[in-house]
Amino acid sequence: MKTLPKERRYETLSYLPPLTDQQIVRQVQYVLDQGMIPGVEFEENPQPETHFWTMWKLPLFGASSAQEVLAEVRECRSEYPNAYIRVIGFDNIKQCQTMSFIVHKPNNRAF
């Protein structure tokens, strides 16, 4: 069994190889199925002490399909190719972010 190359690890799913668009859609669909509000965030140099990432746009309150969120991820990826990008799930009952996962790592930079 081969291990992944040495690189900084972040959040849920960051130990896996990069997600395909189809895998991202399945994860986003789970966010939507749970009644969470998806959002897209990015950061060019995330550090462990960096708790706040930049929002790509406002949270996607009206998103009804995972394809809408994927379109925003693609747009963010093309605008900021050297940034880490993650999708968050905001729970409006608990009033907090309840999940997040990395959907883009630039050039798999090592730390």
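Is E72 buried or exposed, at 15% relative accessibility? E72 counts as buried, where buried means under 20% relative accessible area, exposed over 50% and partly exposed in between, with a 1.4 Å probe and protein chains only.

These legends describe a predicted model, in which local features need pLDDT of at least 70, side-chain atom pairs count only at pLDDT 80 or more, and totals for chains, interfaces and linings use all residues. Residues are numbered from 1 along each chain as its sequence is written, and side-chain values use heavy atoms, with hydrogens and water left out.

**View 1. E72 and its neighbours.** Look for E72 in helix 2; helices (H or I, at least four residues) and strands (E, at least two) are DSSP runs, numbered from the N terminus. Leaving aside residues up to four places away in sequence, E72 touches V40, W56, K57 and L60. Contact here means heavy atoms within 4.5 Å.

View 2. On the helix 1 side you will find D21, I24, V25, V28, Q29 and L32, which meet A66, Q67, V69, L70, R74 and R77 of helix 2. Sorted by type, the residues of this contact are seven nonpolar, two polar and three charged. Here Ala, Val, Leu, Ile, Met, Phe, Trp, Tyr, Cys and Pro count as nonpolar, Asp, Glu, Lys and Arg as charged, and the others, Gly among them, as polar.

**View 3. A cluster of rings.** Ring pairs join F42, W56 and Y80 into a cluster. Rings of Phe, Tyr and Trp (its six-membered ring) pair if their centres lie within 6.5 Å; planes under 30 degrees apart count as stacked, over 60 as edge-to-face and the rest as tilted. By this rule there are two aromatic pairs. F42 and Y80 are stacked, at 4.2 Å centre to centre with 15 degrees between the planes. F42 sits in strand 1 and Y80 in the loop between helix 2 and strand 3, 38 residues apart. The rings of W56 and Y80 have centres 6.1 Å apart and planes at 85 degrees, so this pair is edge-to-face. At 16% relative accessibility W56 is buried, while Y80, at 27%, is partly exposed.
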